[in-house]
Each structure stands twice: as structure tokens, then as C-alpha cells.
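I opened this model to see what it holds together with, and kept notes as I went. Here they are, entry by entry.

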Amino acid sequence: MPKRLLIALVAVLATLFALSACSASSDSSTGSKTGVDGEKTKTEEDADEAESCDGYTAGEDDVIRTFCDGSAKVELTVGGDEYTLSGGDCETQGGYFAVNIGVVTGPDFSGTKPDYFGSNMPEADGDFGDGDQAFATFAVDGQEYSVPKTTGTHDDSGATFSGTTTDGDIEVTGTITC
């Protein structure tokens, strides 16, 4: 394993437990979950405010950073369960195409961690896979996951990816829209 990938994976795994984001709510009629910045009424948004990105402020209660006002959206399937998180950012930086959606918290954050999604893919548009140092980390429904080897394709407008979690070997697929 290249030293750069190992360092990136160790950093991601170390911070995975400190990451969280916009809480997802469930639509019991479809089994689908929609993040607070998704398709909801004002009343539903107000009811979720305490659990949403709007309820978290960087610098308070061990909240480090929020990614909730952008246009990025991810639709995840995690072991058959569907989630949608939105309001994040897509950026190209440091040799990577990076996506972040939600709230990053520190180790002293208390309570259930809300949802978060973060991924790095190679900077160059196109297919990526083994050896390309692509990965995803996320938390949904209070459960945190790491997918250290994702495969897929991306361009400036979004990405599709798939992989298996490090703990539990859960299949994960996703579609990102920027």
C-alpha cells in the first residue's frame, strides 16, 4: 500500500469518529431517508432544526465545521437502506476531488452524531478504482462507516461510486450531484 494512501486512510479513520452532519429523517412509506436540506415542508424543517445543520454552530459544543449551505447532494445505499444528504460542497484541491456534506465534530461532542458524508477521489475526471486512493467516510442514523477503497467515476458535476465498509463488509453505493 503506498505510503500516501496509508497516511490518508489513517487520518480518515482517526477523524471518522469525530465526524457528523445533517440528521436524516425517514419516510416510512418508501423506506427512503431525506436530509434536512432535502424536500421537506417549512414545518418539517422547523421540527428538525435541533438535529439539522441549522442546529449546529462551528466553535460551539465541539462542532468543528459545517457543510450545509452548498449545492452538493449524495444519495447513498448502505446495505439496502437508502439515505439522501444535501447542502454540501464539492471542491478540487490537493490532487483530489473532495465532497463534504454535514457537520464535523470533535471527540468531545455529546449525543447522537448526526449524519455526515465525506469523500476524496482523484482530481482527474473519469474512472477511478484500486490504487487511486479514493475513499468515503460517513455517518447515518448515528452509525459511522468507512469505505477505504471506492471505485467509480466522476466529473465536475458529480460522481458515482461503490465499495465495501471496513467493519461489517456492508456494500455501499452512492451518487453525488454537485
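**Entry 1: the cores**

I began with the largest nonpolar core, which has 22 residues; V74, L76, F117, M121, F138, F161 and I176 are the members that touch the most others. I counted as a nonpolar core a set of buried Ala, Val, Leu, Ile, Met, Phe, Trp, Tyr and Cys residues joined through side-chain atoms within 4.5 Å. For burial I used relative accessible area (1.4 Å probe, protein chains only): buried is under 20%, exposed is over 50%, and partly exposed is in between.

Which strands supply at least two residues each? I found strand 5 (72–78), strand 6, strand 7, strand 8, strand 10, strand 11, strand 13 (158–164) and strand 14 (171–177) on that list. Strand 5 gives the most to this core, four residues. My strands (E, at least two residues) and helices (H or I, at least four) are DSSP runs, numbered from the N terminus.

Before going further, a note on the source: this is a predicted model, where local features need pLDDT of at least 70 and side-chain atom pairs count only at pLDDT 80 or more, while totals for chains, interfaces and linings use all residues. Residues are numbered from 1 along each chain as its sequence is written, and side-chain values use heavy atoms, with hydrogens and water left out.

I then looked up V74 on its own, setting aside neighbours within four places in sequence. V74 is in contact (heavy atoms within 4.5 Å) with Y83, T84, L85, I101, F117, F161, T175 and I176. In soluble globular proteins, nonpolar side chains tend to be buried together.

Is strand 7 enclosed or open? Nine of its ten residues (96–105) are buried, so strand 7 is largely enclosed by the rest of the structure. I checked V103, which lies in strand 7, and its relative accessibility is 0%, so V103 is buried. The C-alpha atoms of V103 and F67 are 6.0 Å from each other, although 36 residues separate the two along the chain.

Next I went through the pairings of strand 7, where two strands pair if DSSP finds at least two bridges between them.

- Strand 4 runs antiparallel to strand 7, with four bridges joining them; V63 has T105 as its bridge partner.
- Strand 6 (residues 81–93) pairs with strand 7 in the antiparallel sense over five bridges; here E91 is partnered by A98.
- Strand 8 (residues 116–122) is joined to strand 7 by seven bridges, again antiparallel; G102 is partnered by Y116.

The hairpin of strand 6 and strand 7 has two residues between the strands, and G94 in that hairpin takes a positive phi near 55 degrees.

**Entry 2: loops and positive phi**

I went looking for positive phi in residues other than glycine. D62 has a phi of about 65 degrees. D62 sits in the loop between helix 2 (42–48) and strand 4 (63–67) and, at 26% relative accessibility, is partly exposed.

D141 is another case, with phi near 50 degrees. The loop between strand 10 (135–140) and strand 11 (143–147) holds D141, which is partly exposed at 43%.

What lies 2.9 Å from the backbone nitrogen of D141? I traced it to a polar atom of the D115 side chain. My rule for a polar contact is a pair of N or O atoms within 3.5 Å; within protein, one must be able to donate a hydrogen and the other to accept it, and residues adjacent in sequence count only if both atoms are side-chain atoms. D115 is in the loop between strand 7 and strand 8, yet D115 is buried, at 2% relative accessibility.

**Entry 3: disulfide and salt bridge**

I found one disulfide (a pair of cysteine sulfur atoms within 2.5 Å) in the count. C90 is joined to C178, S to S 2.1 Å. The torsion about their S-S bond is about -85 degrees, so the disulfide is left-handed. C90 is in strand 6 and C178 in the segment after strand 14, 88 residues apart, which makes this a link between distant parts of the chain. C90 is partly exposed at 25%, and C178 is partly exposed at 27%.

How many salt bridges does the structure hold? I found one, taking a salt bridge as a side-chain nitrogen of Lys or Arg within 4 Å of a carboxyl oxygen of Asp or Glu. The side chains of K73 and E75 form it, at 3.5 Å from N to O. K73 is partly exposed at 33%, and E75 is partly exposed at 38%.
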